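Q: Could you take a close look at the spot where the ligand sits and walk me through what is around it? I'd like the contacts and then the sheet nearby in the numbering.

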Amino acid sequence: MPGFELFGPEERKEVNDVLETGIYMRYGFDGPRKGIWKSKELEAAICKTLGVKYAQLTSSGTSALTTALAILGIGAGDEVIMPTFTFVASFEAILGVGAVPVLVDVDETLTLDPAAVRRAITPRTKCVMPVHMCGSMADLDPLMDICAAHQLVLLEDACQSFGARYKGKYLGSIGQVGTFSFDFVKTVTCAEGGAVTTNSEDLYIKADGYTDHGHDHKGVDRGADLHPFLGFNYRISELHAAVGLAQIRKLDKFLSIQKKNHQQLKAILSTVPEISFRKIPDPAGDSCTFLSWFLPTEAITRSLVAELKEQGIIAGNFYWFDNNWHYYRKWTHLHQAASLSRLSEVQHSALTKLSPDAFPASDRVMGRCISTAIGLAWTDDQIKEKGEKIVGAVKKVLSREKATV
Ligand SMILES: *Cc1c(COP(=O)(O)O)cnc(C)c1O
């Protein structure tokens with residue numbers, strides 16, 4: 001799944017280019033940098049890969065999300081619709097700009113349920129933020145229809161799905177703004193990094209300034225730059241961008257390996273009739289970083305997780321339902337509004353209304369779901385062995401289940 005599995009001389013070469021000039025910052029130092037502009041090169045490569053007009057690199061996926069919300073003008077008291085299954089960065093970024101996260105159920109796509117989104121809209125809703133989890137896509141057509149009908153912004157969190165597509169278009173190029181993470185466990189890594197993508201020149205100019213304290217980047221003297229609006233430091237470094245540049249050149253290779261390994265593993269799990277698979281709105285566009293699958297009940301799934309642990313083969317099989325970081329049930333710090341600094345009244349009251357059992361429809365999906373991370377370095381024999389071990393464990397759990405009924 002992550003690019004760090006295939007790390008090599010290509011990454012080292014790009015980083016060495018930067019080490020040799022000693023210019024680690026992406027802006028300025030035009031003479032001493034001797035023509036080395038890794039961040040600019042990576043931004044151009046992202047645009048070319050995804051077919052978008054503009055890409056702005058950031059220090060992380062979280063800062064990319066924060067930047068995306070800010071440039072879209074989302075702020076104090078605005079409501080942003082986000083899924084119950086995502087990474088904590090989604091609500092961190094929303095709270096960070098002063099807005100209110102409105103949690104909404106996921107369905108068997110493991111992403112926003114469009115019907116639940118419709119029900120969550122209020123006069124304060126400004127933005128719908130689908131999160132393309134685990135390498136695959138949200139049901140974008142109905143979500144785009146909802147946004148058009150209610151004049152809402154569609155912000156795609158494609159942090160986990162670089163290189164995945166929906167009906168021929170790359171994820172992150174479909175909404176007004178897209179965001180990506182290049183942290184250490186993502187498909188393409190910079191070690192740490194992220195990107196905001198858009199086809200709007202106005203939004204791009206805002207992202208360019210916002211991520212660098214509001215600098216307008218119009219002159220050659222940073223001290224003389226104007227600051228038309230407030231910003232932050234969400235810059236990436238040249239060293240990080242250099243790593244990403246070597247990685248993005250391997251994207252096609254990563255994707256083709258993932259697709260092959262995914263297909264082989266899926267074929268093995270498909271031999272068990274009780275196993276069903278994640279609903280994928282456009283199967284051809286799946287980046288195949290994970291194979292996500294369901295068992296008939298939460299109880300059976302829990303037994304399987306215990307069995308995989310007992311056999312020492314749980315690694316790489318994620319039961320998000322019990323995960324502290326990816327599913328709302330365990331976001332106790334959010335439910336308790338455990339902020340180090342005072343939140344606004346509207347944020348505080350929205351958070352304290354949340355409770356761990358508020359989303360039974362999501363629980364019914366996530367309680368039965370396992371995502372198996374697809375390795376880039378697996379051999380065919382290893383896939384067969386992994387698949388057969390999982391199938392063996394599932395059959396054991398199912399027969400035990402039948403014996404007790
Ligand atoms: C990784 C991730 C982020 C945040 O990215 P960082 O680079 O780790 O800050 C945001 N959203 C999702 C869905 C992610 O998986």
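A: A polar backbone atom of G61 sits 2.7 Å from an oxygen atom of the ligand, a polar contact being a pair of N or O atoms within 3.5 Å. This is a predicted model, where local features need pLDDT of at least 70, side-chain atom pairs count only at pLDDT 80 or more, and totals for chains, interfaces and linings use all residues. Residues are numbered from 1 along each chain as its sequence is written, and side-chain values use heavy atoms, with hydrogens and water left out.

In total, 15 residues surround the ligand, meaning a heavy atom within 4 Å of it; among the closest are T62, S181 and K186. Helix α3 (residues 61-71) gives the largest share of that shell, three residues; helices here are DSSP runs of H or I, at least four residues, and strands are E runs of at least two.

Now the sheet. Strands β8 (residues 177-181) and β9 (residues 194-198) pair antiparallel over five bridges, where pairing takes at least two DSSP bridges. G178 has T197 in β9 as its bridge partner. Both strands belong to an open seven-stranded sheet with mixed pairing, ordered β1-β9-β8-β5-β4-β2-β3. β1 (54-58) and β3 (100-104) each have a single partner strand, so one side of each lacks a neighbour in the sheet.

Terms used
Polar contact = N/O pair within 3.5 Å; in protein donor to acceptor, adjacent residues only side chain to side chain.
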